[in-house]
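Dear colleague,

I am passing on a structure for you to look through.

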Amino acid sequence: MSMSSEWHPAIAVSELSQDGVHPAVVGQHKLIVLRADGQAVAYRDACPHEGFPMSKNAERQDFVLVCNKHLWEFEAATGEYISRTPRPECNLKRYPTREVNGMVEVDISAVPLT
């Protein structure tokens, strides 16, 4: 992580539905933002498999995010790839989030958490 945070608003908290996948652009960063386990989470808008945009291909099924391009599945709250064998290189790239004054903010200076 870099020495200084760079928090930017991504989406209004009121726009986050309980089961939606919301595209957002912060600077040059294309993201998806969603609510999982009561928290706002942000991921790079790219499936780790072949880079297809999750904002166009993802579907929410309860606690699971599915990339409909090749049916890869991820834990919505953590971005972890669902597999019998842990494969951290296949996890969604997650950015730190916080909620401030009704906005979900994302720290784009952070290296995405894997």
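Valine 33 counts as buried, because its relative accessibility is 0%, and a residue is called buried under 20%. Please keep in mind that this is a predicted model.

Valine 33 is found in strand 3, which covers residues 29-36. Leaving aside neighbours within four places in sequence, valine 33 is in contact with a list of residues that includes Ala10, Ile11, Leu16, Val41 and Val104. Val21 is also among these contacts; valine 33 and valine 21 are twelve residues apart in sequence, and their C-alpha atoms are 6.2 Å apart in space.

Next, the nonpolar cores. The largest has 18 residues, of which Ile32, Leu34, Met54, Leu65 and Phe74 touch the most other members. Two or more residues each come from strand 3, strand 4 (39-44), strand 6 (64-67) and strand 7. Strand 3 gives the most, with three residues. With neighbours within four places in sequence again left aside, the contacts of isoleucine 32 include Val21, Val41, Tyr43, Met54 and Leu65.

A second, separate core has 13 residues, among them Ile11, Val33, Val104 and Ile108.

Lastly, a loop residue. Proline 88 lies between strand 7 (72-75) and strand 8 (94-95). Proline 88 and serine 14 are 74 residues apart in sequence and 32 Å apart in space, C-alpha to C-alpha.

Regards

Terms used
Residues are numbered from 1 along each chain as its sequence is written. This is a predicted model: local features need pLDDT of at least 70, side-chain atom pairs count only at pLDDT 80 or more; totals for chains, interfaces and linings use all residues. Side-chain values use heavy atoms; hydrogens and water are left out. Helices (H or I, at least four residues) and strands (E, at least two) are DSSP runs, numbered from the N terminus. Buried means under 20% relative accessible area, exposed over 50%, partly exposed in between (1.4 Å probe, protein chains only). Contact means heavy atoms within 4.5 Å. A nonpolar core is a set of buried Ala, Val, Leu, Ile, Met, Phe, Trp, Tyr and Cys residues joined through side-chain atoms within 4.5 Å.
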